[in-house]
Amino acid sequence: MNMRESINTQRLQALDSAHHLHPFADYRLKDSQISRVIVKGEGAYIWDSEGNRLLDGMAGLWCMNVGYGRKSIADAVHAQMLQLTYYNSFFQTTHVPAVELAAKLVQISPPQFNHVFFVGSGSEGNDTIVRLVRHYWDKQGSPERQVIISRLNSYHGSTMAGASLGGWPSMHKQGGLPIPGIVHIGQPSYLEGGKGKTPEEFGLEAASWLEHKILEVGADKVAAFIGEPVQGAGGVIVPPSTYWPEIQRICNKYGILLVADEVVCGFGRLGHWFGSEYFGISPDLITFAKGVTSGYVPLGGVLVGDRVANALIEKGGEFNHGYTYSGHPIGCVAALENIRILEEEKIVDRVRTDSGPYLQKKFEALASHPLVGSAETIGFLGGLNLVKHKGATVHEHIPFESALSVGMICRAHMFDSGVIMRAIPGDRLLMSPPLTLTHAEIDEMIKLIGLGLDQTLADLK
Ligand code: PLP
């Protein structure tokens, strides 16, 4: 590929630095932190403006489930743009793509789901959740049920409600968050809280925090509990097997709505259409986005289970909520074609039975590297911790001093080796690659990660 002739990298970087405020960035540093310009994507790879090819171990931002450059999605979008670029579904109108996609989503989702509300993103989906669950309880004659319980270190988006549901202190510090009626319990992180316990014991303990919080708030005031089946941006926190069934039991006991935020886990990432199926739970509501279109076009939504949908249909009264781009036809056709690809190429099944187990074997073997304290995957999500000294158990490893920023240094070496991972505080590196990776591509990714680790180790000597 010869992009360099047509793309002036320095000019773009100068303009970017001068005018473009990036998400989650420190603007004081913007002149010193020069951005890499990404110009092309194909399959699991992207290219920067200097011609470097990178294996995208993060699938963009956890979203490129079918990989880059699918012509059939581009064709579907093109045809729809010529047919009907835009229409909405307000005021008793609808259009073919929204109708077809709603029906398709109902077909592939668990049996309790027969309705869908479309939005433009995961954050809008979670805003919709907050309004929908409170509207539901109002209609049920329990308007005092307002409180939504979420978890520390969860990520549910960047709008006021999304960031409030999320459990990041750094986000809560800005903008007066969380908004009223949202409270948090601890996350089911065995690494963080499981010392001296089996994972199963710790899973039950972490779930019991929900019951304690319900009793503290008052069961008659709690509307819903929301959680990502596996916390993504918080660090690929895989809950012990006992956690979700116990959460389900507690929600049932107190009649509280269970909401699964499947923005990351949905559409095959855990080898099922939805991550809640992996854990055998039956949420009342599901938030989805990202993988529904594999990121080709923004689209999200809320799957509304029969318990909520039937009550709202029966009781009536307008739900005063909706977006100009709810069910945008271009997003809907992209989603339909994306789901068709996932089905035709049996991508979800492959993640469950073939490529997922293969990735697990290869990725978890990275734990033998001198820098890696632990490495685990679930489906096509993974995380590894870099440690200074390894102890006998994960709870006895000694971490690096945070000022050394070893995780960020390692991420930079990964980039130089040709693979993208995400680094988060605690020197943890995350992986969420396109679901299409072949065995050969998995081998290549593991080799590149190994090179990045070796380089980091060399730096530390
Ligand atoms: N929920 C989860 C679990 C996410 O990971 C994200 C984004 O990363 C969101 C919600 C927010 O989605 P969006 O960025 O599309 O608003």
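**A sheet and its setting**

Start with the whole chain. Of the 461 residues of the protein chain, 47% count as buried. This is a predicted model. The chain holds 17 helices and 14 strands. Its C-alpha trace spans about 65 × 60 × 45 Å along the principal axes. A compact globule with 461 residues would have a radius of gyration near 23 Å, and the protein chain agrees, with 22 Å. Contacts across the sequence matter for the picture too. Among contacts in the protein chain with a separation of 6 or more, 70% are between residues 24 or more positions apart.

Now the sheet. Three strands form an open sheet in the order β1-β2-β3, and the pairing is antiparallel. Its edge strands are β1, residues 38-42, and β3, residues 53-55. Each of these two pairs on one side only. From one strand to the next, the twist averages 30°.

What holds strands of a sheet together? Strands pair through backbone hydrogen bonds, either parallel or antiparallel.

Look next at β2 and β3. Strand β2 covers residues 45-48. Three bridges join β2 to β3, and the two strands run antiparallel. One pair of partners can be picked out by residue. Trp-47 has Arg-53 of β3 as its bridge partner.

To put the part back in place: the open sheet has the order β1-β2-β3, with β1 and β3 as its edge strands. The protein chain around the sheet has 17 helices and 14 strands.

Notes: Residues are numbered from 1 along each chain as its sequence is written. This is a predicted model: local features need pLDDT of at least 70, side-chain atom pairs count only at pLDDT 80 or more; totals for chains, interfaces and linings use all residues. Two strands pair if DSSP finds at least two bridges between them. Helices (H or I, at least four residues) and strands (E, at least two) are DSSP runs, numbered from the N terminus. Axes are lines fitted to C-alpha atoms, for helices over the stretch in contact, and angles run from 0 to 180 degrees between N-to-C directions. The radius of gyration is taken over C-alpha atoms; the globule rule is 2.2 Å times the number of residues to the power 0.38. A residue is buried if 20 or more other C-beta atoms lie within 10 Å of its own, exposed if 12 or fewer, and partly exposed in between; C-beta atoms are placed from the backbone. Two residues are in contact if their C-beta atoms, placed from the backbone, lie within 7 Å.
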